[in-house]
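Colleague: Could you walk me through how to read this model, feature by feature? I'd like the general idea and then the case at hand.

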Amino acid sequence: MDMKVSKKLGLKERYTMMTRDLAWDTTFQPMDKVFPQVGYEGIKIHDWNAWEDPFRLTMDAYWKYQAEKERKLYAILDAFNQNNGHLSVTDARYINVLKLFLGSTPPLELMAARGFSMVARQMVGAGPRVACMMQSVDEYRHFQTQIHSISNYNRFYNGLDEFAHQQSRMWYLSDGKSFFDDAITAGPFEFMVAIGFAFEYVLTNILFVPFISGAAYNGDMAAMTVGFSAQSDEARHMTLGLECIKFMLEQDPDNLPIVQRWIDKWTWRGTRKLASVGMMMDYMLPKRIMSFKEAWEIYFEQNGTALFTDLARYGVKVPKCFDQTIEEKEHITHQSWIGFYMKPDATPFHTWMPQPEELDWLSEKYPNTFDTYYRPVYEHWIAQEKAGKRFNNKTQPMNCQVCVSTIKFNEPGDPMEMCFRETVYKGEKFHFCSDHCREIFEDEPEKYVQTFISSHAALQGKCEPEGTDVNAHDYRPGARMHAYWRMDKRASGDFNGSEDQKNFAKWRAQATQN
Amino acid sequence: MTLLKTLAPYDFPSSDAVENYAGRQLLYINWERHRMFSRPFVLALAPETLFGEIIDTHMTDCFSYHPDWAQIDWRAVRWLNGSRPVVLDRNKSLADNGIGHKDLIRLITPGLDGIAGSGY
C-alpha cells in the first residue's frame, strides 16, 4: 500500500498559515475598541489585507536564523576577550567611542524594543503585527549583544559602568532619550515613520559607518561582529519601515499630509541626533574611515534623493530640512567636538585636541570651512594646553526645547553667528536650535513643554541630595552633578594623562616586549 | 492651532514654569561671535539681582578665558534680548531692566570677532 504523504507546504502557504491564518476579528468587543490606537492619529486604513509582507518570515524560521547568528557571534566574542583583544585596538582613544556608544545606543535599542512591541499590539493587520513583533525581539537582541561586546572593556577601562543610570540623566544623552520618548508617546503610525522609516531607513547607515566600519578599521573585532550580526536584521527593519509608508499612502489620499509632516519632523530629529555620531567619525576614531561630510553625501544626499524620487509617485516630497542638512554637514561635527572638549568634567569619556596630522586631515576633508572657522580655535587651545591652561567651561548649558541638543549650531548662511529661535506659549518663553525644531514645538506644544532639560532640573534642585536649599547664598549649581550622574572622575578629563591612556600603554608593552 | 491628537484628555504642566524656581528665574547668556563657549549658559537668579553682578561674576568667570574678554570696550557694547536690541543698565536689577524668565541676553562686542576673526 502506498504511503499517503501530504505535500510539503510552499514558503508562501506556510507563511500564510503561520501568520494571517492565526489572526481573527474580535466579536465580543468591537474591533475599534480593541484597537483604538490605529484610528486616533487620523490615518485612514480601508483594507488591512493589502499590507505586503516583504520578508514572509515565519516565527519558527526567525528563531532558527537568530539562534545561528547568536552562536557565531558569541564564539567570536569569547575568542576576542580571551585573547586580550582590547589591546589590539589602534589606540586607547578608540575606547572612548565605545563609552559614548554604550551610553547612547543600547538604551535606545531597548526603547525601540518597547516601541515595536507596543505597535505589534496596536496594529490591526496580522502582517504588520508579526513584523513588528520580530523587530521588537531584534531590538532587544541588539541591546543585549551591544552591551555584551563592550562589557569586556569594562574590566579594564573607566567610565563604562553606569551607562544605564546616566542615560536618563546626563546632558549629552538627553537628545537620544528625548527622540525615543517623543516617538514612543506618539501613535503607532507616527512611531513607524519615526523609527521604522526616518531612522531605520533614511539615517541608519550613518550610524553604522562609525560603529561597524569604525570598529573594523580600529581593530575591535567584538564590536564589528556585533554590527555584522545586526545587519541582516537591519535590512528587514528598513523594508518594514518603507512598506508601512507605502501602505499608508496607498490606503487613502488624506494620509499624505500627515505622513509628510511626520517625515519632515523625524528626518530632522534624526539628523540632530546624528551630530554626535558624526563627531565620532571625524574626531574620535584614531583610524578614520571617511569624513562625516562624505558619509552624509553618500548615505543621505545620494541615497536619500533616490529614495524620495521613488516616493514622489505617492506625492511625498523631500524632507523640508534637506537643504539645511547639506549646509550643516560642513560644520556640525566640529561644533559638537568643541562642545564636548570644553566640558572635560562632564562626560564619562575623555576628549582631546587633534594631533597635527589629524588637523591636516580635517583641513583636507573640509576645505570650505575647517581652516577658516575651526583650526584657529584648536591651535589656540593646543597652545593653552601646553601652558597648563586646558579649557574647562564650568557653566551649565542652554538646550533646545525639542531636540534637547545644546544650542550650538550656526545661523544658516552665517557660520560665525549662533542660531537662536524662540516662541511664547501660554505666557512662557521656549527656545530652539532651529526653525525645524520650533515648528515641531508649535505643532504640538502640549507635548514639548514637558521636555526634561538636565541643566534646568539641576537649577530646580532636582539633582541635589534631599533637603538642599537652592536659594542658600553658598549654593553652587552643578557642583554635585558628579554624584547625581554617578560619574567616575577617573573617566573624565582630557585623554592625555588619563589612567586609561597609561594602562593601555603599559599593558600593550607587556604584550609585545619582555 | 495644535495638531496634537490624543485618546484621552491631555494636560500637563510645563517642566520649567517660573514657579519651579523658588523665587528665581532662568536667564541665558551668550557672547556673540565667541563660539568657543559652544552654547549659551543658564543661570537661576532672583529678579532683584543687579545686572552688573552678572557681568562681573558669572560672565567674567566664564568668558575671561577668551583673550578678547580683556579687550572689550564696555562703552561700545550692545545687547540683544533674543533678537530684540535692548539697552541694559548694569546698576539696575534684572526686573528693572525688563529681563524676564527664560530671556536670552546676547552680548555684542563690536570689533571683536574671536580667535583670528573666526567667530570662535
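Predicted model: local features only at pLDDT ≥ 70, side-chain atom pairs only at ≥ 80, totals over all residues.

Modeller: Let's start with Arg490(A), which is partly exposed at 47% relative accessibility. The scale calls a residue buried under 20% relative accessible area, exposed over 50%, and partly exposed in between (1.4 Å probe, protein chains only). Asp488(A) falls in the buried class, at 18%. As for bookkeeping, residues are numbered from 1 along each chain as its sequence is written, chains are lettered from A and ligands numbered from 1 in the order in which they are written, and side-chain values use heavy atoms, with hydrogens and water left out.

Colleague: How far apart are the closest N and O atoms of Arg490(A) and Asp488(A) in their salt bridge?

Modeller: In general, side chains of opposite charge can pair when their charged atoms come close. The rule here asks for a side-chain nitrogen of Lys or Arg within 4 Å of a carboxyl oxygen of Asp or Glu. For Arg490(A) and Asp488(A) the distance is 2.9 Å. Some bridges share partners: Lys69(A), Glu70(A), Asp138(A), Arg141(A), Asp233(A) and Arg236(A) are joined into one network that way. Over all chains there are 48 salt bridges.

Colleague: And how do I read a bridge inside a helix?

Modeller: An α-helix has 3.6 residues a turn, so residues three or four places apart point the same way. Take Glu68(A) and Arg71(A), whose side chains meet in a salt bridge at 2.8 Å, N to O. They sit three residues apart in helix H4 (residues 59-82) of chain A, separated by about one helical turn. Helices here are DSSP runs (H or I, at least four residues), as are strands (E, at least two), numbered from the N terminus. Glu68(A) is partly exposed at 35%, and Arg71(A) is exposed at 53%.

Colleague: Which parts does the bridge between Lys447(A) and Asp182(A) tie together?

Modeller: That pair, with N and O 2.9 Å apart, links helix H20 to helix H9 of chain A, parts that are 265 residues apart in sequence. Both Lys447(A) and Asp182(A) are buried. Nine of the 11 residues of H9(A) (residues 174-184) are buried, so that helix is largely enclosed by the rest of the structure.

Colleague: Last one: how do I size up the interface?

Modeller: The size of an interface is often given as the accessible area lost when the parts come together. Buried area is that loss (1.4 Å probe), summed over both parts. Between chain B and chain A it is about 4,700 Å², with carbon and sulfur atoms giving 55%. Arg35(B), Arg39(B) and Tyr65(B) lose the most area on the chain B side, together 16% of what that side buries. Three salt bridges are counted between the two chains, among them Asp103(B) with Lys429(A) at 2.7 Å, N to O.

Technical notes. Buried area = accessible area lost by both parts, 1.4 Å probe.
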